[in-house]
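Trainee: I have a model open and would like to go through it with you. Could we begin with the strands and then move on to the side chains?

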Amino acid sequence: SHLYTVSDDCSCRVWDLEVHACVGIIEPKDRKSGTLRSVACSDDMLFIGSSNGQIYVYCTERTCRRPDRHVCRMPAGPVPYCPQTTL
């Protein structure tokens, strides 16, 4: 399982609770996010709130849920006509 923390350096750190180490850093691409102030997660989404009122939404899974043919924009990179329909 993972723990997510946000900080004044505009980053969200992903911590692995089994190995007690940071396993990833998420930073908003626009760099105009203000200070990151809050984080919440559901089963498959991560929501990060910033001091300027923006909320960033990220998928926590690396697979796509869309049933139609499309170009997938998952964190691992674009996947043309992604066939994945379930998590």
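Trainee: How many of the six residues of S5 are buried?

Mentor: Five of the six residues of S5 are buried, so this strand is largely enclosed by the rest of the structure. Buried stands for under 20% relative accessible area, exposed for over 50%, and partly exposed for the range in between, with a 1.4 Å probe and protein chains only. Strands are DSSP runs of E with at least two residues, and helices are runs of H or I with at least four, numbered from the N terminus. Please note that this is a predicted model, in which local features need pLDDT of at least 70 and side-chain atom pairs count only at pLDDT 80 or more, while totals for chains, interfaces and linings use all residues. Residues are numbered from 1 along each chain as its sequence is written, and side-chain values use heavy atoms, with hydrogens and water left out.

Trainee: Which sheet has the order S4-S5-S6?

Mentor: That is an open sheet of three strands with antiparallel pairing. S4 and S6 (55-59) stand at the edges, each with a single partner strand, so one side of each lacks a neighbour in the sheet. On average, neighbouring strands of this sheet are turned by 20° against each other, direction ignored; the axes are lines fitted to C-alpha atoms (for helices over the stretch in contact), and angles run from 0 to 180 degrees between N-to-C directions.

Trainee: How many bridges join S4 to S5?

Mentor: Five bridges join S4 to S5 (residues 45-50), and the two run antiparallel. Two strands count as paired if DSSP finds at least two bridges between them. Val-39 has Ile-48 in S5 as its bridge partner, and Cys-41 has Leu-46 in S5. S4 and S5 form a hairpin with three residues between them.

Trainee: And what about S5 and S6?

Mentor: Five bridges join these antiparallel strands, S5 and S6. Gly-49 is paired with Ile-55 in S6. The hairpin of S5 and S6 has four residues between the strands, and Gly-53 in the turn has a positive phi of about 90°.

Trainee: Changing topic, which way do S2 and S3 run?

Mentor: S2 (residues 12-16) and S3 (residues 21-26) run antiparallel and are joined by five bridges. Cys-12 stands opposite Ile-26 in S3. S2 and S3 form a hairpin with four residues between them, where His-20 in the turn has a positive phi of about 55°.

Trainee: Is Cys-12 buried or exposed?

Mentor: Cys-12 is buried, because its relative accessibility is 0%. Cys-22, by contrast, counts as partly exposed at 34%.

Trainee: How many disulfides are there?

Mentor: The count comes to zero disulfides, a disulfide being a pair of cysteine sulfur atoms within 2.5 Å. The closest cysteine sulfur to that of Cys-12 belongs to Cys-22 and is 9.2 Å away, too far for a bond. Cys-22 is likewise in no disulfide, its nearest cysteine sulfur being that of Cys-12.

Trainee: Then on to charged pairs: how many salt bridges does the structure hold?

Mentor: The structure holds two salt bridges, each defined as a side-chain nitrogen of Lys or Arg within 4 Å of a carboxyl oxygen of Asp or Glu. In one of them Asp-8 pairs with Arg-37, with the closest N and O atoms 3.4 Å apart. Asp-8 lies in the loop between S1 (2-6) and S2, and Arg-37 lies in S4 (residues 36-41), so the pair ties together parts that are 29 residues apart in sequence. Asp-8 is exposed at 57% relative accessibility, and Arg-37 is exposed at 54%.

Trainee: And which side chain does Arg-13 meet in a salt bridge?

Mentor: Arg-13 meets the side chain of Asp-9, at 3.6 Å from N to O. Arg-13 is partly exposed at 28% relative accessibility, and Asp-9 is partly exposed at 41%.

Trainee: Where is Arg-13 placed, and what does it touch?

Mentor: Arg-13 is in strand S2. Not counting residues up to four places away in sequence, Arg-13 touches Leu-3, Tyr-4, Thr-5, Cys-22, Gly-24 and Ile-25, where contact means heavy atoms within 4.5 Å. The C-alpha atoms of Arg-13 and Ile-25 are separated by 4.6 Å, although these residues are twelve apart along the chain.
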